[in-house]
Amino acid sequence: MGVRFNTQDRSGTDYGVAVNDITSAVIQWFTKPWYWFSPIFNLSPLGKKFYKDIHTIHEFDRKVIREKKHKMIEELKDNQTIDNFREGNEVTGVKKRRAFLDLLLYHHLTDKSLNEEDIREEVDTFMFAGLDTSAMGITWCFYLLGLHPDIQEKVYQEQEEIFGEDINNSITSEDLRKMKYLECVVKETLRIYPPASFIARKNPSDLKVGNYIVPAKSSLVINIYGIHHNPTVFVNPEVFDPDRFLPENCKNRHSFAFIPFSAGPRNCIGQRFAMMEMKTTLANVVRNFRVKSLDHRDKIFESADVVLRPKFGIRMIVEKR
């Protein structure tokens, strides 16, 4: 979105805390039928906290949108024409890269079909869906690499092959495409620990599943975690084995056997960006540090909120290479 949160110095954590609390509240609502009656939920401490957190997120979004809109209007005045803003600097010919929020605001100012609340809803969707999911994917990757130093070393060797003596160079899109083994590691991690462990759908018409007819407009929950741990598809599904995702080992696998980003027309719109984000972070850390996990998998308790996360965190040792 082109906005800094400053979460590392704890000055911008309200948004992240609110998102976490909302995802936790959704699960509590889902598992406690008395909350399905709106007046009870709205008057409960959980419901009041839920709506307070939503207010926190919406106000933050509105503040950012107002500030960026004001800045963009000034920028448009300086450039004199909207075409200059869209195309970039007409003197140098360099096209300026715009953040997603900038593009939405540009559309709002030029087309008028999107108002500020429409933009807020779009920002909510991308921020909410992309905040914890990618972070947890990266977390689980580091955890599994920390348990398997041999696999971690293979990831590092791939980095050396790509960068050679320039191991500290910045990563480009072309470099990311060469990180084939690291991509296998990420995919195997997302198989074992899918950040979105379930998704829900509603069927518009009657649906036949085996010998059963599911009535139209039923609420269907797809258990991604269960699909990924299916022993009839993945041999020894609890074993961390990135080689499962080498091209030769994937060719006969059903296309819906691995769906960390969902599948079909409503799959994750940000999946390519998420993979780039995870690979970039992992590569930068592995090139500079060794990680070691202190607790085996039987000691890690998974919290199945909207996002799959370690309930009590993960203990690790990080050593500079």
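First, the ground rules. The model is predicted, and local features need pLDDT of at least 70, side-chain atom pairs count only at pLDDT 80 or more, while totals for chains, interfaces and linings use all residues. Residues are numbered from 1 along each chain as its sequence is written, and side-chain values use heavy atoms, with hydrogens and water left out.

Now the chain as a whole. It has 12 helices and eight strands; these are DSSP runs, helices being H or I with at least four residues and strands E with at least two, numbered from the N terminus. The C-alpha trace spans about 60 × 60 × 40 Å along its principal axes. Of the 321 residues, 37% are buried. Buried means under 20% relative accessible area, exposed means over 50%, and partly exposed is in between, with a 1.4 Å probe and protein chains only. The accessible surface comes to about 19800 Å², and carbon and sulfur atoms account for 55% of that; the areas come from the Shrake-Rupley method with a 1.4 Å probe, and for residues only the protein chains shown count as cover. Contact means heavy atoms within 4.5 Å. Taking contacts between residues at least 6 apart in sequence, 66% join residues at least 24 apart.

Next, the inside. In soluble globular proteins, nonpolar side chains tend to be buried together. A nonpolar core here is a set of buried Ala, Val, Leu, Ile, Met, Phe, Trp, Tyr and Cys residues joined through side-chain atoms within 4.5 Å. The largest such core has 41 residues, and Leu 145 and Met 278 have the most contacts inside it. Helices α6 (116–147), α7 (149–163), α9 (180–192) and α12 (271–288) each give two or more residues to this core. Which of them gives the most? That is α6, with nine residues. Leaving out residues up to four places away in sequence, Leu 145 touches Ile 151, Gln 152, Val 155, Val 185, Leu 282, Val 286 and Val 291. There is also a second, separate core of 23 residues, which includes Phe 41, Leu 46, Leu 105 and Val 123.

Phe 41 takes us to the rings. The structure holds 13 aromatic pairs. Rings of Phe, Tyr and Trp (its six-membered ring) pair if their centres lie within 6.5 Å; planes under 30 degrees apart count as stacked, over 60 as edge-to-face and the rest as tilted. Why is the pair of Phe 41 and Tyr 51 edge-to-face? Because the planes are at 70°, with the ring centres 6.2 Å apart. Phe 41 is in helix α2 (residues 38–43) and Tyr 51 in helix α3 (residues 45–79), so the pair ties together parts that are 10 residues apart in sequence. Phe 41 is buried at 6% relative accessibility, whereas Tyr 51 is partly exposed at 42%.

Arg 287 lies over the face of Phe 163, 4.5 Å from the ring centre. Lys 320 does likewise over Phe 289, at 5.3 Å.

Last, charged pairs. Side chains of opposite charge can pair when their charged atoms come close. A salt bridge is a side-chain nitrogen of Lys or Arg within 4 Å of a carboxyl oxygen of Asp or Glu, and the count is 18. In one of them, Arg 120 meets Asp 124 at 2.6 Å, N to O. These two are four residues apart in helix α6, so about one helical turn separates them. Arg 120 is buried at 7% relative accessibility, and Asp 124 is buried at 14%.

Another bridge joins Arg 244 and Glu 188, at 2.9 Å, N to O. Arg 244 lies in the loop between α10 (224–228) and α11 (247–250) and Glu 188 in helix α9, so the pair ties together parts that are 56 residues apart in sequence. Are these residues buried or exposed? Arg 244 is buried at 8% relative accessible area, and Glu 188 is buried at 0%.

How values were computed:
Lys NZ or Arg CZ within 6 Å of the ring centre and 35° of its normal.
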